[in-house]
Each structure stands twice: as structure tokens, then as C-alpha cells.
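Please open the model in the viewer and keep the sequence panel beside it.

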Amino acid sequence: MKRFLSLLFVLMLTTAFVGEAFAQRSFGRGGGFGGGRSSFGGSSRSSGGSFFGGGGSSSSGSFSRPSAPSYSGPRSSSSFGGRSGSFGNSGRVNSSSINPNRNYGGSSYGGNRTTVIYGGQPYYSSGGFWSGYALGTMGSPWTHYMPFHPGFYTYSPYYSNGVYYEGGFSFTRFIIGIALIIFVIWLLIRLFGGGGGRNIRYTNYR
Amino acid sequence: MNERMNYFIFSTGGDWDSTSLYLNGENFPSQRLLLEFETGRDFNGDPRRGGLSNGGNASCFVLPEQTGAGEWAIFPGKIDLEFPTHKVTIENQSPTFAIELTRVWLDNEEVSHQLLDLQVDIDAIENRASAYLTLYKPRLLGADEVATYTLL
């Protein structure tokens with residue numbers, strides 16, 4: 001029973017750390033979603049303008065007017081000024097991101113590289129699964145030494161020519177992490193397990 | 001220690017002449033002294049951590065020398081067992097003699113949570129004297145140890 005409880009404790013510990021890590025990751029993606037939403041909103045507004053532009057200028061004017069103050073004020077006024085000039089054209093209208101610190105190249109996550117300003121420094125990220133964790137190790141370096149955190153399985157970011165580059169997935173750290181987790185489980189079983197295994201030495205003393 | 005509790009002192013040098021039993025400071029002539037503890041095992045009989053805290057079975061009594069006298073309960077109380085090479089102390093102050101509340105010392109070191117078996121059987125009528133104690137010592141590295149101390 002004690003052995004089962006120990007295994008349950010380790011499982012809960014692992015789940016808690018990984019869960020916390022995934023929560024951080026989703027928050028990290030939240031920043032990404034924030035950027036995506038800005039560009040997505042911009043593109044929809046652009047396409048909406050071009051789509052509804054054929055229907056009539058009155059509808060677009062009444063539809064876009066109340067929404068203008070709710071979106072970013074200064075930028076919308078300038079962009080709307082530009083859009084009004086090309087209103088009715090069928091060509092694509094590009095919009096810039098609300099967040100000036102983010103500049104997604106190509107499609108939002110399909111691009112080869114993403115430049116993020118992190119701590120005042122530009123950070124190059126491929127935007128892959130491990131990218132957020134590699135970036136997270138800059139903000140919370142302890143995750144780089146915790147095998148229960150996915151950040152452990154990434155190389156730490158390195159600094160070169162004024163730019164941080166992400167580390168990416170480390171297979172060596174993956175092997176080390178698996179070994180460490182097995183060791184921790186073994187240690188907990190040895191410390192708190194019920195004992196009584198097959199490996200028993202019988203001795204006699206007088 | 002409570003005044004009403006039994007305090008036995010058993011001492012032996014390895015033969016009958018040097019064997020004695022005292023109760024609360026007075027000589028207590030007896031035919032037999034029996035202490036049996038079986039504890040510290042799981043349902044499969046394998047040793048496990050915890051010793052007496054795992055529960056188990058225990059039988060402890062003294063049979064006085066005078067004819068017709070019944071078995072005399074040792075516990076609640078305390079007994080010191082002084083053998084030629086070891087000293088064992090067993091104490092249980094619970095009125096119902098709950099085995100989980102028993103404490104055992106071997107050579108002044110408490111082994112309550114390591115105890116597997118303890119048997120002290122001194123029978124003057126049958127001319128039988130045997131005593132041993134078994135401890136389970138889990139090791140972090142290497143094999144666990146089941147150590148049997150032959151007391152007599």
C-alpha cells in the first residue's frame with residue numbers, strides 16, 4: 001500500500017509540474033495568440049472592408065464607425081484614412097500588428113522565424129513546440145534544471161551578435177531527464193516503500 | 001512508571017543457578033516465562049517496514065512457581081531481560097496491551113519499528129531455555145537485512 005501511495009505521490013508530483021508547465025506554455029501561447037489576434041483582426045477587417053466594399057459605402061461606414069474607437073485609436077484612424085482611399089478596390093489590404101514589438105514573417109505560425117523582443121533584446125524563435133519553453137528558460141532559469149518541466153529538455157538560449165537564439169530540443173537532456181525521473185522514483189520507493197523485496201540478506205548475530 | 005504497573009527484571013548468566021526473576025524489586029519464583037511477538041510482516045509473510053506499528057500477535061505471561069497459580073500477565077508493564085551478551089527491554093503501558101503500543105529496546109537502542117520476531121521461552125519444568133530476536137533492517141543501497149540475534 002505504501003509503495004502504491006509513493007507511486008501515486010510521484011505521479012501527482014509529475015502531473016503537477018507538467019500541468020504547471022503546460023499552463024505556462026498556454027500563457028506563452030496567449031502572448032502568441034495576442035499577436036495572432038491582432039494580425040487576424042486586422043486581416044479580417046481588411047478583407048471585410050474589401051468584401052463589403054462592393055455592397056455599398058453606407059454600410060461599411062456605419063459598420064466601421066462604432067468599431068473604430070474600440071480598436072486602437074490612433075492606428076485605426078490612420079489606417080482607415082488609407083482604406084478609405086482604396087475603398088472598393090479588390091486588392092488585398094495589408095495591416096500591421098497592434099503590437100509593434102512583434103513582427104511575424106509570413107503567416108502567423110507558418111513562418112520560418114519569429115522575432116520577439118524579450119527583455120529589450122530581439123529573440124529569434126522558430127515557433128515550434130519547444131520554442132516557448134526555450135524562451136521561458138530566459139525568464140525562469142530554474143526550469144532549465146528541473147526534469148519535471150519541459151524547459152529542461154531544451155538547450156538554453158544563446159546570445160550572439162546582439163540577438164538571442166533559441167536552443168531547441170536536446171536529445172541528450174531527454175535521456176538525462178528520463179534517467180533522473182527513474183532515479184527519483186527508485187529513491188522514493190527505497191525510502192518510503194514497504195520493503196520486503198526478494199533481495200533480502202539473512203544474518204545471525206550472537 | 002505507574003506504581004500499579006508490573007516491572008519485571010529477568011536475568012540469566014546462561015544456566016539455571018544464575019537465572020532469576022524479580023517483580024517490582026522482589027524475587028518472583030516462577031516455572032515459566034514466555035514472551036512471543038510476531039509482527040512486521042505483510043499478508044504474504046514477507047518482512048516490511050514499521051515493525052510493531054504493523055500490528056501482529058503477542059503472548060506474554062509468567063507462570064508462578066506455586067501450584068495452582070494461573071498465568072501472570074506481564075503487561076501492562078515493563079520487563080528487562082538481561083542475557084549474557086545482550087539486554088532487551090520491552091514496555092507496554094496500554095491497559096488493553098495493544099501490540100502497536102509496545103516498545104522494544106535492544107542494548108538500549110529502540111528497535112520497535114524494526115522488530116519482526118521476538119521469542120523468550122524459559123521453562124524450568126521442561127528444562128528449556130531459548131531466546132532470539134529478529135530485526136528487519138531496510139537498506140537504501142544493497143539488499144535489505146533480516147538480522148537474527150540469538151540471545152540464549
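**First stop: a proline in chain B**

Select Pro64(B), which is partly exposed because 17 other C-beta atoms lie within 10 Å of its own. The scale behind this term counts other C-beta atoms within 10 Å, these atoms being placed from the backbone: 20 or more make a residue buried, 12 or fewer make it exposed, and values in between make it partly exposed. The model is a predicted one, in which local features need pLDDT of at least 70 and side-chain atom pairs count only at pLDDT 80 or more, whereas totals for chains, interfaces and linings use all residues. Residues are numbered from 1 along each chain as its sequence is written, while chains are lettered from A and ligands numbered from 1 in the order in which they are written.

Pro64(B) belongs to strand β5 (residues 56–64) of chain B. Strands (E, at least two residues) and helices (H or I, at least four) are DSSP runs, numbered from the N terminus. Beyond its neighbours within four places in sequence, Pro64(B) is in contact with Pro29(B), Ser30(B), Ala69(B) and Trp72(B); contact requires C-beta atoms, placed from the backbone, within 7 Å.

**Second stop: the sheet**

Next, colour the strands β6(A)-β13(B)-β12(B)-β11(B)-β4(B)-β5(B)-β6(B), which in this order form an open sheet of 7 strands with mixed pairing. Pairing here requires at least two DSSP bridges between two strands. At the edges, each pairing on one side only, are β6 of chain A and β6 (72–73) of chain B.

Strand β4 (residues 30–39) of chain B runs antiparallel to β5(B), with 9 bridges, and Leu35(B) stands opposite Cys60(B) in β5(B). Antiparallel pairing also joins β4(B) to β11(B), over 7 bridges; there Leu34(B) faces Asp121(B) in β11(B) as its opposite residue. Further along, strand β12 (residues 128–137) of chain B pairs with β13(B) in the antiparallel sense over 6 bridges. Thr148(B) in β13(B) is the bridge partner of Thr134(B).

**Third stop: where the chains meet**

Which strand of chain B gives the most to the side that touches chain A? Show both chains: 17 residues of chain B are in contact with 13 residues of chain A. Strand β13 (residues 144–150) of chain B gives the most to its side, with 7 residues. That side of chain B has 8 nonpolar, 3 polar and 6 charged residues, where Ala, Val, Leu, Ile, Met, Phe, Trp, Tyr, Cys and Pro count as nonpolar, Asp, Glu, Lys and Arg as charged, and the others, Gly among them, as polar.

Strand β6 (residues 200–205) of chain A pairs with β13(B) in the parallel sense over 6 bridges. Select Arg201(A) to find its bridge partner in β13(B), Glu145(B).

**Last stop: the core and the whole of chain B**

Select Val88(B), Val104(B), Leu115(B) and Leu133(B), the residues with the most contacts inside the largest nonpolar core, which has 30 residues. Such a core is a set of buried Ala, Val, Leu, Ile, Met, Phe, Trp, Tyr and Cys residues joined through C-beta atoms within 7 Å. Strand β11 (residues 115–123) of chain B gives the most to this core, with 5 residues.

Of its 152 residues, 30% count as buried.

Conventions
Two residues are in contact if their C-beta atoms, placed from the backbone, lie within 7 Å.
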